[in-house]
Amino acid sequence: MADNTVADSRYNYFFLYDGSKVKGEGDPTRAGICYFYPEETPLDKQELLCGQLAGVSRCVSELSSSPVRLLRLRRSKFAIRMKGDFLWALGCSVDIPDVSICNLLDQLINLFSFYNGPIRKSYQIYSQEDLAVRWARYLSHLQEGTTELHHIFSCLSTIDSTHIDPLLLLKAALILQACQRCPLVLAGCILFRGRVVSTQMSPDLTVKVMLLQVLSQSTQSTPKEVNRPRKSRLLSRTLSDTPPSDPPEPDPARPAPLSLHCPSTPGSSTSDDLLFSPSLSFHTPPGPLSPSPSTVSPQISYHSLPNGKSSHEVEEGVTGGLHDQSLDSLEGGDSESGLIGVGPVQSCDIPHDLNRHNGDSMALDGEKAGALGFRGQNSPGCGRRRTGIVADEKEGHRGKVQLADTGDVPPAPCENSSGPPLTTMTLYQHRVRGLVLALLVEPHFHNDTAAVEEVYHSSLASLNGLEAHLRTTARGGAGPQGPYTFAHYDCIQNTLTTNLSGRPGGAQERSFVRATSLLHSHFSHTEALQEAIVRNAGAAVYATRSVAQETYFLQQGGALRNSGIPNHQDSAFSLPSKARHRLLKHGVNLL
Amino acid sequence: MKCLLIASESAEVLFYWTDPEFEQNIQEQYGASQEEGEKPPAFEDCINTLFAPIIISCSTMVDRLGDGYTSFSTENNHSYVLHQFEECLYIAVNGDGEEGEEDLRRKIYVMKKMIEVLFGVVTLSSPLLRKELRPQDTEQRTRLWKHLQSLLETYSRLKEQDQSFLVEAVERLIHPTLCEQCIEFLERSLVQQINSSVERAGEEVLHAFILVHTKLLAFYSSRNASTLTSSDLLALIIMVQNMYPSNIDLEDCAPEDVENTSAPDIFYTPEPSPTNRDSGTDGDSVSSGRYEESRPEEGSHGGRGTPIFQFVDPDIQMAEDSLQTLECPPHDPSTPSRVFLEVMLKEGCYPMMPHSMYCLPLWPGITLVLLTKIPKSNLAMSIYVFLEAFAKLEKRLSEGLEGSAARGQTSIQDLRNKLDKFIRAVGTVDIQTSALQSVWTEFKSRAFIRGGHGFNRGLVPWCRGMKTQLCGVYRQCFMAENGVGGGGPQRLSPSLQDRALIMVQEKLIDWKDFLLVKSRRNITMVSYLEEFPGLIHFIYIDRTAGQMIAPSLNITDRATSELGKGPLAHFIKGKIWGLVNTSRLYLQKGYSTVTLRDGDYFFCYFLWFENETGYKLEVKELPILPDDSAPIGMLAMDYYRKLLRYYSKNHQGEVVKCYELLTVHLGVIPVEYILQHCSQLARKLWEPSRIPLL
């Protein structure tokens, strides 16, 4: 909940406005509002914001013959995306760097099109209410980054590798590689409690897949839907039709589709190339509610469970029941924990040229890079095959994987010519308590029972083992902090290493975050800048960057008395050597 | 692709400036929607139509959300910056990537500063300013707008070319002996002689200074004059440059620039301006009533008589043949410009007090500037005091603090007596006060009924009315008079001006060529190279005095400069300009020390405080300003003055000085050496900057 309050102060508004609905003089602005967050905003304020911002954006983009990217007001700012008649706006406080808020909006839009296909089509297929639930979910997913720093860099949350036996990471990578022995598996990632353990996918793809974690938790926690003895064929459908448990009073009759995120091309950082291309839409299970020990208040429940701490306990409690009943078609019961991985299958939209991108642009190091060269990559052009796979698996048992053919979902037409065409893909998911294995597979993977079995069996035991290890070690908590604060951002893998806790810290920590955000924006628009030291009365921050990384360092301790006049004995100028020295033990090499 | 627009809340264009690309862009857009054969609408109308939705949306947001736009940016990196001053909305646009949002914001503030210098206290009344900026008479409007446009262009040119306008501090010619001689000459001979002459028509020279291009050779202020602020001095230099544009390198300029530089000659063509047709004989009768909306019969006078701009940029004159047919008399060099400058006296600070500025061109590139106090200028102070009193009263009333407003009874009674006296006094000196008189009577009858119970919210509009009337009287006294044909403009007699000119010419004739060269090679990097190997450039600024020193950076295609020539020199110049912007960005967020390794270069920026003896004072937490705060600098809003005031709070009774140093080194020099250089430079440069202004 704390997360939510923090999040709320971070982004104050988000809306999607469809200008095509408001053409004539008499058309009310509200007709064009597809989604508005926060939803409880009075309608006249919604209309004011949408009407004014959309109007001004249009006027400015006509003057400049280019879409508006950012609108700033005295007390807030809005990242804007305009595409055709649609306009997305994400508002936040003025402290967030421009580059961060714009990235975030792109992520959000991509998340949507990743799971739902092109925007226009989605709004034709699904009801506005359904999609509103999805938008809400995507929003909350993106809001729950761990710290302010994560938001500045819009980076993936990863497990803290300094407290984990490197062998475990290796093991995770090997599991992924093993899965790739099946030619239908393109790439995969392993997540643990909302954090990435290992991934073969590009960061922006990974961040989309990560929404799964949230989703699958919710699925499990809604026993109803699973209770129905159904063939998996129906399951995917069922899931999307089942009421979300999130509304305060769950109404089983109300269809509650799930929201998921969107993709972007691994190679290209600009995300919009994907989102407007034809793609596949698919259903996801409804919002979670964890009627769980960790009392999640109903209203925010669909803001998905907090990352990380996302209760392992919750799952256990909830899924137990689910498991027993839903799996009765499987042989045997759950032996111990009753944990289940329900893998809703999503077909996701992947750019046509995914393989090419992966092939040449991914600069992941070592093994990852190797793993990325997808095999069997003849992903069919824009063929629209829609398939869903549902894999139910039970720990310690032979999982049974069921396939659902969702071919009857209306295909997405190529309504937008811009951007590379999207390709339909399928996501396979295997869950062991807090651990999730997600694989991007060829759409016809599900047809190949042998392949499914092979993947399932080859990874099952290792996943269980990995989960057990991670569970015990991950409890370690934050390690001892040194007399310094640092943040190390890997631009390629989009990950952040820092010794800064997520909690609001003292003056120096705030000052570190402020300097970091300023320097990060400076780096982002000054290509040649390599190193910087900035100092105010309280603290000096050193920042350095290369093509692949950015590092920020602050030496704690009382600021030495100084006059600000140039003085080569000034301690601020010894920061670079201190940083080089100190950060070595965090695996950061600045030499 | 650049544009600057001032609009009223009702989306009326009060002023615009665009570069040719922007104009073309707008016309193309408009042309597209234009029917075949139809005459294209006036450019002003196009720009009005295109910007109106933005302007209206802006005021809607302010009204309904209490939050206005500050900037827009588009995917192709066009920037729009918006700022509202009172009821005027300024919008600056850039579409060619040459200016960032900071630059645009600065431009807006500079524009506002120039308007304040030209219109003075009138800017405090939005309705009056609106009329002032947009005279109904098309001719007049065109002339005024041309003038403002050329001021803006002059500023932009200086900011691009001149380091002193880059960092917004005055650059002095470093030649202590000559400088001292000149100051002495200005004091003992020139100013004394003028001020004791009978031909001075009641004016008194307060400040006299000699500019060589944009650089200050000597500056003298008379004993009883208040200090001229850096902000005002910089604004005046822009005006002088606008009148007598000087290219940095006369002999190196491109053909079109040659025309430019020869342009000042026009001023010597003896073409008297006989009739002042636009002002005519009715100037005296320009009544304050034209500002009173409720008096339409007098309002018909509107749109006449604001020819405070005697000088119009000659280039524009030549270029616009359309204008030549307009009756715009060529600049009469002996007519002063009316400028409104800040005056600091023991009794207090009076912004925007009227002065006359005489620019006497000694030779092309060298100008003598005299600033005089004009008769009746004490009227301006009284009016300002009344304005302030009404503004305070209005504020208290609208905040619902009737009680405290009433408590201020004594001062209000005081105000009443003084204002009564003032109106009587003003009435005797040929100034129309009937409108002021009637509003004041109305005010009194409402306010002073039943023992002061009249002080309530209902009085707020009357406070505003009084302010408008006072501004109207002020305008009559100090702006209309200039163009009045009747008694001839108030000024030092032309023959007195001629004598002054000749005196200074005689004094400086031997130095003339030296000065022109010196202004381009004020100090040179060569003299620092031996001591500071690897140093490429530096700028040292004394923010307390508002002065800077930097090696010359003249980049022209033919002459080899300190930086060499060609692309590399331009590249480094670009880096320096960028560094100044970056350092401001960090200073705005409270960082007073910044070092950057950028490509092959290493940049340092330091800001520190000293007391008078050079003792370094401890650094203090600097204020963190919002992104849309006034630009950091001295020209438009004096950030450093506020900074010094803020810092001095803990140093009562001590003179606090603020310095800045920016350096550019080769990146291969070890950082320890670079820092050593910086501290040595700061020590070495401390001395020259102590040459007193006075």
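A disulfide, as counted here, is a pair of cysteine sulfur atoms within 2.5 Å. Keep that cut-off in mind for the first view, and remember throughout that this is a predicted model.

**Figure 1. Cysteines without partners in chain A.** A:Cys102 is buried, at 11% relative accessibility. A:Cys491 is in no disulfide either, since a pair has to be within 2.5 Å and the nearest cysteine sulfur, that of A:Cys155, is 11 Å off.

**Figure 2. A ten-stranded sheet built from chains A and B.** Strands of a sheet pair through backbone hydrogen bonds, either parallel or antiparallel. Here ten strands make an open sheet, and the pairing is antiparallel. Reading across, the order is E2(A)-E1(A)-E5(A)-E4(A)-E3(A)-E3(B)-E4(B)-E5(B)-E1(B)-E2(B). At the edges you'll find strand E2 (33–37) of chain A and strand E2 (13–18) of chain B, each of which pairs on one side only. From one strand to the next, the twist averages 10°.

**Figure 3. Zooming in on the chain A part of that sheet.** Seven bridges hold strand E1 (residues 11–18) of chain A against strand E5 (residues 86–93) of chain A, in the antiparallel sense. To get your bearings, look for A:Leu16, which stands opposite A:Trp88 in E5(A). Helix H3 (residues 98–116) of chain A lies across E1, strand E3 (68–73), strand E4 (76–83) and E5 of chain A. The helix runs at about 45° to E4(A).

Figure 4. Most residues other than glycine have a negative phi, and most peptide bonds are trans. The bond joining A:Tyr37 and A:Pro38 is cis, with omega about 0°. A:Pro38 falls in the loop between E2 and helix H2 (43–64) of chain A.

**Figure 5. Two positive phi angles in chain B.** Which loop holds B:Asn77? The one between strand E3 (69–74) and strand E4 (79–85) of chain B. B:Asn77 is not a glycine, yet its phi is positive, near 65°. At 58% relative accessibility, B:Asn77 counts as exposed. B:Met352 has a positive phi too, about 55°, and is not a glycine. This methionine lies in strand E10 of chain B, and is buried, with a relative accessible area of 11%.

Figure 6. Strand E7 (residues 204–212) of chain B is joined to E8(B) by six bridges, and the two run antiparallel. One landmark is B:His207, whose bridge partner in E8(B) is B:Ser221.

**Figure 7. Helix H3 crossing helix H8 in chain B.** Helix H3 (residues 101–119) and helix H8 (residues 230–243) of chain B pack at an angle of about 85°, with their axes 11 Å apart. That angle makes H3(B) roughly perpendicular to H8(B). On the H3(B) side, the contact uses B:Lys113, B:Met114, B:Val117 and B:Leu118. Facing them from H8(B) are B:Ser231, B:Asp232, B:Ala235, B:Ile238 and B:Met239. By class, that contact has six nonpolar, one polar and two charged residues.

**Figure 8. B:Val671 and its contacts.** B:Val671 is in helix H23 (residues 671–686) of chain B, and counts as partly exposed at 23% relative accessibility. Leaving aside residues up to four places away in sequence, B:Val671 touches B:Arg597 and B:Phe602. B:Phe602 is 69 residues away along the chain, with 8.5 Å between the two C-alpha atoms.

Conventions: Residues numbered from 1 in each chain as written. Chains lettered and ligands numbered in written order. Predicted model: local features only at pLDDT ≥ 70, side-chain atom pairs only at ≥ 80, totals over all residues. Heavy atoms only, no water. Axes fitted to C-alpha atoms, helices over the stretch in contact; angles between N-to-C directions. Helix = DSSP H or I, 4+ residues; strand = E, 2+ residues; numbered from the N terminus. Parallel < 35°, antiparallel > 145°, perpendicular 65-115°, else oblique. Contact = heavy atoms within 4.5 Å. Nonpolar A, V, L, I, M, F, W, Y, C, P; charged D, E, K, R; others polar. Pairing = 2+ DSSP bridges. Buried < 20%, exposed > 50% of the residue type's maximum accessible area, 1.4 Å probe, protein only.
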